[in-house]
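Dear colleague,

Please find below the structure I promised to hand over, followed by my notes on it. I would be glad if you read the notes with the coordinates open beside them.

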Amino acid sequence: MPMQRLDSSAADFNHRLQQLTAWEEELDLAVNDTVRQIIADIAARGDQALLEYTRRFDQLPAERVADLEVGPERLRQALAAVSAEHRAALEQAAGRIREYHQHQMQDSWQYHDAAGNLLGQQINALESAGVYVPGGKASYPSSVLMNTIPAKVAGVENIVMVVPSPAGKLNDLVLAAAAIAGVDRVFTIGGAQAVAALAYGTETIPAVDKIVGPGNIYVATAKRLVFGRVGIDMIAGPSEILVICDGSTDPDWVAMDLFSQAEHDENAQAILLCPDPAYLDAVAASIDKLLPQMERADIIRASLAARGALVLTRNLEEAVSISNRLAPEHLELSVADPEQLLPQVRHAGAIFMGPYTSESLGDYCAGPNHVLPTSRSARFFSPLGVYDFQKRSSLIMCSEQGVQQLGRVASVLARGESLTAHARSAEMRLEAPGDSAT
Ligand SMILES: NC(=O)c1ccc[n+]([C@@H]2O[C@H](COP(=O)([O-])OP(=O)(O)OC[C@H]3O[C@@H](n4cnc5c(N)ncnc54)[C@H](O)[C@@H]3O)[C@@H](O)[C@H]2O)c1
Ligand SMILES: N[C@H](CO)Cc1c[nH]c[nH+]1
Ligand SMILES: [Zn+2]
């Protein structure tokens, strides 16, 4: 069994739990240097650097960056080439994702205060967004839908998608998903160099206002480093699943749920918390039985060995409190009465309730977004949503009468800050401005 067993009442439990996340800090340091260099190089040398990195990391033999653009005709061809079953599934998923995200639309609002001044908030869509679709170890048509549909619902005009295509192999499902979702431009570039190109722009790649989407440690680090020059949604790195089980779910189901995220990446995290030691034994046996059948067994084994754990807890309440400390990307409450535990859950990207709700349904078609915060950042980030593509401007309109009270308050506060121009600008609009000479 590749996974470690932990006991929450053991003296070294906290330390061992922390080790499941400590890898990031070590890796971050090395990756940070590499990524910083790639970003600086793209900013300085544009297309030429982008071509070099794309050849090096994705083995793409393109002559020019423009050769890496996939035009609208190729997207239409891909849509025609995928099977009817795949196309129907993509369209069904797209419909459900769209419907869910329409509920997130924020509207502008205004009100008048007692003095008749208008106050409010105006919502505008971003003009442009770059969506990162991962493509190193697997292809993610579902991530095309999850990234793009909320942007379309918000009304973003220019959506530029980047997706690595190792050795130049285009994935028709990814391109078909781009056609269905309504992406404007597609480039087959990936990694830190693609993030840098979207942030700084190159001769060929347009700079965007915000970069969203999941990716591996290089992508996540690049997004962190370009934040400020452009907006980013969150840190959505290697996938994570944490299952809290009361011991009543079929152990094979839980083992497979753990595999489902472990198969993404050697750095993925998969943890089971349960108060029943016999049940943990049963899941361990299921893991041993099922792992050899898996196509991506090597990745799963590596990820379970490095960041997997079966944890015995004192009770379900303690399991929830441990989960809150880890703030997992995905939390499964695989218990008979999930609604009873739900109010105690404070930090999780998405919560899957009850034994029938496998995390994988959320990855594809339930409706909520699968781009979710990882690395404990669910403490302060939320799922990707329409709100990520909308921004707010405050509105203030004072009438001649309405300004009388506000102007006096502003004048007093401005003089308290010794900012005379601020004070006089407010005072000049007052009917009896008083002494505004200084
Ligand atoms: N959190 C989420 O919402 C979510 C959703 C889907 C996938 N994921 C995660 O996305 C990730 C996808 O990873 P992936 O690798 O398959 O694809 P990816 O597109 O994220 O990364 C591939 C790129 O990484 C770069 N790269 C690889 N090795 C490098 C090196 N040594 N130095 C510099 N750059 C290097 C290359 O440029 C390559 O194009 C997984 O970790 C998966 O768990 C997360
Ligand atoms: N589980 C990933 C988010 O961490 C999303 C995904 C896409 N395809 C399969 N899974
Ligand atoms: Zn997944």
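Predicted model: local features only at pLDDT ≥ 70, side-chain atom pairs only at ≥ 80, totals over all residues.

Residues are numbered from 1 along each chain as its sequence is written, and chains are lettered from A and ligands numbered from 1 in the order in which they are written.

**The chain as a whole**

The protein chain contains 16 helices and 15 strands, and its C-alpha atoms fill a box of roughly 85 × 60 × 45 Å along the principal axes. Of its 438 residues, 45% count as buried, a term that requires 20 or more other C-beta atoms within 10 Å of a residue's own, whereas 12 or fewer make it exposed and anything in between partly exposed, with C-beta atoms placed from the backbone. Contacts, for which two such backbone-placed C-beta atoms must lie within 7 Å, are made between residues 24 or more positions apart in 73% of the cases with a separation of 6 or more.

The domain assignment gives domain 1 (4–26 + 238–379), domain 2 (46–234) and domain 3 (398–438); such bounds come from an automatic or database assignment. The centres of domain 1 and domain 2, taken over C-alpha atoms, are separated by 29 Å, and 14 residues of domain 1 are in contact with 18 residues of domain 2. On the side of domain 1 that touches domain 2 there are seven nonpolar, five polar and two charged residues, where Ala, Val, Leu, Ile, Met, Phe, Trp, Tyr, Cys and Pro count as nonpolar, Asp, Glu, Lys and Arg as charged, and the others, Gly among them, as polar.

**The two ligands**

Ligand 1 is surrounded by 30 residues, of which Gly136, Gly190, Gly191, Pro214 and Gly215 are the closest; a residue belongs to such a shell if its C-beta atom, placed from the backbone, lies within 6 Å of the molecule. At least two residues of this shell come from each of α2 (47–58), α7 (191–200) and α8 (217–226), and by class the shell has 14 nonpolar, 12 polar and four charged residues. Around ligand 2 lie Tyr140, Ser142, Ser143, Ser239, Gln261, Glu329, Asp363 and His370, which divide into one nonpolar, five polar and two charged residues. Domain 1 and domain 2 each give at least three residues to the shell around ligand 1, and each likewise gives at least three to the shell around ligand 2.

**The annotated positions**

An unreviewed UniProt entry places the feature "binding site" at Gln261, His264, Asp363 and His422; UniProt positions are given in the numbering used here, feature names are shortened, and annotations may be inferred rather than shown by experiment. These positions are spread over 162 residues of sequence and are also spread in space, up to 55.9 Å between C-alpha atoms.

Gln261 lies in helix α9 (residues 251–262) and counts as buried because 27 C-beta neighbours fall inside 10 Å. Not counting residues up to four places away in sequence, Gln261 touches Ser239, Glu240, Ile241, Ala268, Ala270, His330 and Glu359. The buried residues of α9 include Val254, Leu258 and Phe259. The end C-alpha atoms of α9 are 17 Å apart, which agrees with the 16 Å that its 12 residues should span at 1.5 Å a residue, the expected span being 1.5 Å times one less than the number of residues.

Asp363 lies in helix α14 (residues 359–364) and is likewise counted as buried, because it has 21 C-beta neighbours inside 10 Å. Leaving aside neighbours within four places in sequence, Asp363 is in contact with Ser142 and His370.

**Backbone points to check**

Gln59, in the loop between α2 and β2 (69–70), has a phi near 50 degrees, a positive value in a residue other than glycine, and counts as exposed because it has 12 C-beta neighbours inside 10 Å. Arg376, in the loop between α14 and β15, has a positive phi near 65 degrees and counts as partly exposed, because its C-beta neighbours inside 10 Å number 18.

Definitions and conventions:
Helix = DSSP H or I, 4+ residues; strand = E, 2+ residues; numbered from the N terminus.
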